[in-house]
Amino acid sequence: MIEFLRSVKLTLGILTAIALMSVWGTLAPHRNIYHHPFYLGALCLLGLNVLLCLAPRLKILKGRFSLKKGGFLLSHSGILVILFGALISLVFSIRTLVWLGPGDTVDKIPTRGMTFEPLGFALTLQRFSMQIHPTGIPDHYVSHVLVHGPDTQERSVAIAVNHPFKKNSYRVFQSSYRLRSSQLVQFAYLSPNDEIQHIEVMVPGEPVTIETKECPLLMVKGLRYEPHFFMAGPNEIGSHSLQPHNPAVQVLLQCGEGEPETGWLFLSGRRFRDFDGGLERHLRIVMVDHTYETGLEFVQDPGVKWVLVGAFFLLTGLFLYLISGFCKGERNT
Amino acid sequence: MIADTALVNAGMVVYVAAFVISIWRLHSNNLFLTRWNVRILCLGWLLHTAGFFVRWRATYLLGYNYFPVANRYESLVFYGWCIALAWLILQRWVSNPGIAAGMQFFAASVTAWAGLFQTHGRDIDPLMPALQSNWLLFHVVTCFFAYAAFTAAAFIALHFLYRILRNPDLNSSETDNLLYRCVSIGFFMLTLGILSGSAWAQKAWGRYWGWDPKEVWSLITWIIYALFLHLRVARGWRAKKLALLAVVGFLAMLFTFLGVNYLPFLSGLHSYA
């Protein structure tokens, strides 16, 4: 039995099974294959297989060391440690998304058992700032928070994407942002120096008329509202991206009896390219109570350091194995 | 940027010229043609490199400061560049005109696809916040070096399969050695690419693995090449079977790179690439 569990035949079988299940997982994304007992069982069996395969070979450390042996041991140990780290992450990690408006404070977070875990410190959102490119892509978004608490020296920190904040065993990530829910989209006609001259509430499908310099009777009809506009391609406009973007309204514009035009108006940034009549020149969308909430993700994952160590072992081992193979190849030639 | 696109397209045209010479070499393989084949490919690669650096510099001039591999157009241009570089390195050991023709045609095709059909992404736009990281350079470069090594392995394998169909008694030791070397380098680079991507994801989102379709297909590709290495060492598989597996791995790699992005139901965190 032990012989079978540590055989290469089993390794090949498990790797093939994991690959096939992974293919199925991507083709049927609505089914969570990756947390299915079969998938997790295959990963555990792979870990056991590698462990049993490594155990008898550890004695070679007492013998003559070679790059190949060292590489083999390190790379396979690396896989074992990565799998162990992944198991630790699966069982013990805590991950919670918290929404904060300006002035809001968080000092405890909900955990898996529907209980609240005290953080040991508090974060108060002082300001959320963002800059959006005219194409609708955010250039950056940053949460400026005050860190405080009974045993914490008060200080301000900025949390941005790729720049998490670490405190105690928690890391806080800039995950997302959103507009406060009770907001109303309005069309606004601006003067050349960006002062609002005319404003109308947008009701989807209901046309409103606005008097502008370019057109005395401009009919504006809101067709579609995207709170997190993104553009992945010419025909790929939507809001399913994990990266929230700029709120936008697709509108139909018609001056008198002229040709109607459709295009997008943004909350921030300039107009979109698909208008060509110039009717939208000073038209914008605005929102009542234009306030953003920031989405901060609190993560506690004790498995990360194991995965990091495993990755180092794996890479070092593969490098040694690669070198040994090439040296052998050179000797052969 | 017109200058960078023009240089890359010029490089592509020169790759086509190198391909034509390789075809010529199939019928008349002399030293003169071999030398000129390499020189012309070198010229194409230098033009391609110049185009790439012009674009890189432009990102700095526009204030966006990034290594230009952040969208599909830029990725295809860089992949074409890596394939040409892979052949320039490989030709020191393999001078076979059949493999040369295949690699040069593929480098030209990938670059042509970027230059002629991939119109979206040619403008230099700012990066989304998650991509604004030094990990972008390391992660993408290691992945594409791996892709180039796997592409070389696939063309060596295809050439060998073609030859063995005509001559079943063909000596396979040289092909076996070459395949092993290409796959070993690619496997190491892919491992580095996957792990650097994990480190980046950990820094950006706090999760080193998110079961994103691109991540999963990278894992599938990694497993196929891990099977390749294990079957060679432990089960004694040699050139013919390994060649077939190298082609399967290459198809999985292509799906990881392109298929995942072109199929809308598979889009995820890497949908921009």
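This is a predicted model: local features need pLDDT of at least 70, side-chain atom pairs count only at pLDDT 80 or more; totals for chains, interfaces and linings use all residues.
A charge sits over a ring if NZ of Lys or CZ of Arg is within 6 Å of the ring centre and within 35 degrees of the ring normal.

**Charges over rings**

- B:Arg92 lies over the face of B:Trp93, where the distance to the ring centre is 5.6 Å.

**Aromatic pairs**

- Searching the whole structure turns up 39 aromatic pairs over all chains.
- One of them brings together A:Tyr39 and B:Trp211: the ring centres are 5.5 Å apart and the planes meet at 85°, so this pair is edge-to-face.
- A:Tyr39 belongs to helix α3 (residues 37-54) of chain A, while B:Trp211 is in the loop between α6 (173-205) and α7 (213-234) of chain B, so the pair joins two chains.
- B:Phe106 counts as buried at 17% relative accessibility, because the limit for buried is under 20%.
- B:Phe250 is buried too, with a relative accessible area of 8%.

**Helix α2 of chain B**

- Helix α2 (residues 31-61) of chain B contains 31 residues, and its span of 45 Å from first C-alpha to last is close to the 45 Å expected at 1.5 Å a residue.
- At the start of α2(B), B:Asn30 brings a side-chain oxygen to within 3.2 Å of the backbone nitrogen of B:Phe32.
- Just after α2(B) comes B:Gly63, which has a positive phi of about 85°.

**The nonpolar core**

- In soluble globular proteins, nonpolar side chains tend to be buried together.
- The largest nonpolar core here holds 165 residues, and those with the most contacts inside it include A:Leu123, A:Phe187, B:Phe78 and B:Leu179.
- Helix α5 (residues 135-166) of chain B supplies the largest share of this core, 17 residues.
- Neighbours within four places in sequence aside, B:Leu179 is in contact with several residues, among them B:Ala153, B:Ile156, B:Phe228 and B:Leu242.

**A:Leu320 and chain A**

- Chain A has 5 helices and 16 strands, and 46% of its 333 residues count as buried.
- Of the contacts in chain A with a separation of 6 or more, 54% are between residues 24 or more positions apart.
- A:Leu320 is found in helix α5 (residues 304-332) of chain A and is buried, with a relative accessible area of 19%.
- Not counting residues up to four places away in sequence, A:Leu320 touches A:Leu67, A:Gly70, A:Gly71 and A:Leu74.
- A:Leu320 and A:Ser175 are 145 residues apart along the chain, and 38 Å separates their C-alpha atoms.

Terms used
Residues are numbered from 1 along each chain as its sequence is written. Chains are lettered from A and ligands numbered from 1 in the order in which they are written. Side-chain values use heavy atoms; hydrogens and water are left out. Rings of Phe, Tyr and Trp (its six-membered ring) pair if their centres lie within 6.5 Å; planes under 30 degrees apart count as stacked, over 60 as edge-to-face and the rest as tilted. Helices (H or I, at least four residues) and strands (E, at least two) are DSSP runs, numbered from the N terminus. Buried means under 20% relative accessible area, exposed over 50%, partly exposed in between (1.4 Å probe, protein chains only). The expected span of a helix is 1.5 Å times one less than its number of residues. A polar contact is a pair of N or O atoms within 3.5 Å; within protein, one must be able to donate a hydrogen and the other to accept it, and residues adjacent in sequence count only if both atoms are side-chain atoms. Contact means heavy atoms within 4.5 Å. A nonpolar core is a set of buried Ala, Val, Leu, Ile, Met, Phe, Trp, Tyr and Cys residues joined through side-chain atoms within 4.5 Å.
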